[in-house]
Amino acid sequence: MYFVYGLSFLFKYRKVLSIDKFISLVCFYPWNLFAILVQAFIPEYLVEMFLNTVSLFLVSNIVQRLEEVINPLIGIKSHIAYSTDMKKVFYLKKPVRILILRIVNYPALLTILGNDACNDLMKQIANKMKYYFATSELYYLENGLFASSFEQTNFDRSRDNIKNFRDSICGSFQFGKMELEMDSCLCVFSCPQDFDNYDKMMSFVYSFYSYLPANGNITFLADENDKQKYKFHLRNEIDHIISKAIEENRFEMYYQPIYSVKHKKFISAEALIRLKDEKFGFIPPDLFIKAAENNGTILQIGEIVLDNVCNFISRCTEAKLQINFFEINLSMKQCVQVDLKDKILFYLKKYNLKPEQANLEITETAANTAQDIVLDNIKALKDIGVSFALDDYGTGYSNLSRIISLPLKIVKIDKSMTDKVFDSKINSVLKYSVSLLKEIGMEIVVEGVETEDVLNCFVQMGCDYIQGYHFSKPLPEADFIEFIKKHNI
């Protein structure tokens with residue numbers, strides 16, 4: 001009965017074990033069966049206990065390797081053990097509550113203390129967790145990230161202890177003769193109730209601190225309102241959403257008309273990418289673009305943009321919409337591609353476009369980078385007739401000497417500056433900037449213009465182009481064509 005039950009249990013939950021561990025546990029049974037048979041038929045050979053001991057020793061060394069289970073420096077379970085235990089939770093559908101703690105300023109502490117002292121500090125925090133959460137499983141997931149797993153009944157009894165633990169590590173923290181500031185972020189969630197699968201849960205654990213305040217407050221995911229939960233799950237699933245959008249061609253291009261003060265009509269437009277998901281609806285561009293830069297898919301998205309925009313420019317040319325050029329945003333990673341010129345030329349030739357019909361936008365970060373490849377790419381494309389614009393002027397630490405050295409055609413004043421144009425100091429800076437840039441032969445686009453007063457203010461400064469809701473919001477292709485036909489033709 002013992003053998004039958006043990007083997008059936010082992011095969012039922014085989015998916016929670018790696019193949020080597022599963023095989024070692026299966027081998028435990030014939031080994032012990034052999035020992036029992038020897039003992040039964042040759043009773044004078046007392047081998048059963050000995051062979052049991054040997055088999056248990058082998059199993060313990062293969063199945064439960066301490067170096068995989070325990071972090072030797074911190075003294076609690078490791079990230080490998082956490083991963084294994086959470087897979088079991090999802091497979092067995094065993095409800096638990098998870099407390100996760102992130103020391104947000106861990107990189108700064110590591111710089112101040114050094115590796116060994118910082119490990120001692122993490123061990124001190126782990127000891128506090130042992131004191132406050134004696135009945136839970138404790139884990140150190142590396143780089144200042146801790147987790148504690150509670151069964152539901154234990155969690156209910158530990159609520160006060162969680163708050164006491166939070167109070168013991170937040171703010172000033174005594175470490176040896178030093179008083180350190182601990183910026184911490186804590187979150188409690190239910191598993192598997194709050195997440196569909198293991199991967200989504202693990203993604204949340206390693207990223208939650210990036211969209212929660214590091215103020216020491218405890219966020220209980222179950223207590224958050226639907227809007228906040230929406231934000232959590234959206235950020236948590238963004239990598240999957242982007243991958244799915246690339247596979248299924250879910251990206252859409254919108255175009256915002258740009259008004260020419262000189263020509264008194266719309267002679268250009270900025271191409272803007274949008275993403276709509278079945279579950280979350282329209283995804284904020286700053287969210288999915290930043291995520292794409294982090295996960296490496298931004299280059300694939302960049303090629304999707306180039307292909308779609310060049311195709312649209314070709315159709316606008318055939319329709320004689322009198323749009324001289326379209327502005328296309330380049331990411332920082334695109335700017336440092338050694339074959340950027342070849343990629344741009346490929347799409348221009350594919351749709352039979354002239355180089356001057358494309359104006360590529362780069363950010364201040366890209367313009368100020370010390371990498372020569374950025375300057376080489378700009379010059380190479382400029383030589384074949386492609387122009388460049390500096391986007392988001394005023395949002396960073398503008399290196400004017402660097403900007404002046406680049407062969408730029410247009411500088412775009414960011415909306416954050418546009419909104420403050422009637423502030424006397426900002427107004428003076430803008431007047432000086434526009435005057436200087438115009439003097440060295442650059443054209444000025446003002447972004448985010450929403451009212452007639454703001455429009456007149458920048459026209460008086462001598463700006464060349466106006467972009468913003470005062471004229472039009474970004475429009476899908478069909479609506480953009482209709483808008484241009486109405487106002488230009």
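What is the relative accessible area of Lys 412, and is Lys 412 buried or exposed? Lys 412 has a relative accessible area of 0%, so it counts as buried (buried is under 20% relative accessible area, exposed over 50%, partly exposed in between, with a 1.4 Å probe and protein chains only).

A quick note on the ground rules. This is a predicted model, where local features need pLDDT of at least 70 and side-chain atom pairs count only at pLDDT 80 or more, while totals for chains, interfaces and linings use all residues. Residues are numbered from 1 along each chain as its sequence is written, and side-chain values use heavy atoms, leaving out hydrogens and water.

Now for the charges. The structure holds 21 salt bridges (a side-chain nitrogen of Lys or Arg within 4 Å of a carboxyl oxygen of Asp or Glu).

| Pair | Closest N and O atoms |
|---|---|
| Glu 270 and Lys 412 | 3.0 Å |
| Glu 327 and Lys 412 | 2.7 Å |

Salt bridges that share partners join Glu 270, Glu 327, Glu 361, Lys 412 and Glu 447 into one network.

Where do Glu 270 and Lys 412 sit? Glu 270 is in strand β9 (residues 265-277) and Lys 412 in strand β14 (residues 410-413), 142 residues apart. Strands here are DSSP runs (E, at least two residues), numbered from the N terminus. Glu 327 belongs to strand β11 (residues 325-329), so its pairing with Lys 412 ties together parts 85 residues apart in sequence. Glu 361, in strand β12 (residues 358-362), is 51 residues from Lys 412.

How values were computed: Helices (H or I, at least four residues) and strands (E, at least two) are DSSP runs, numbered from the N terminus.
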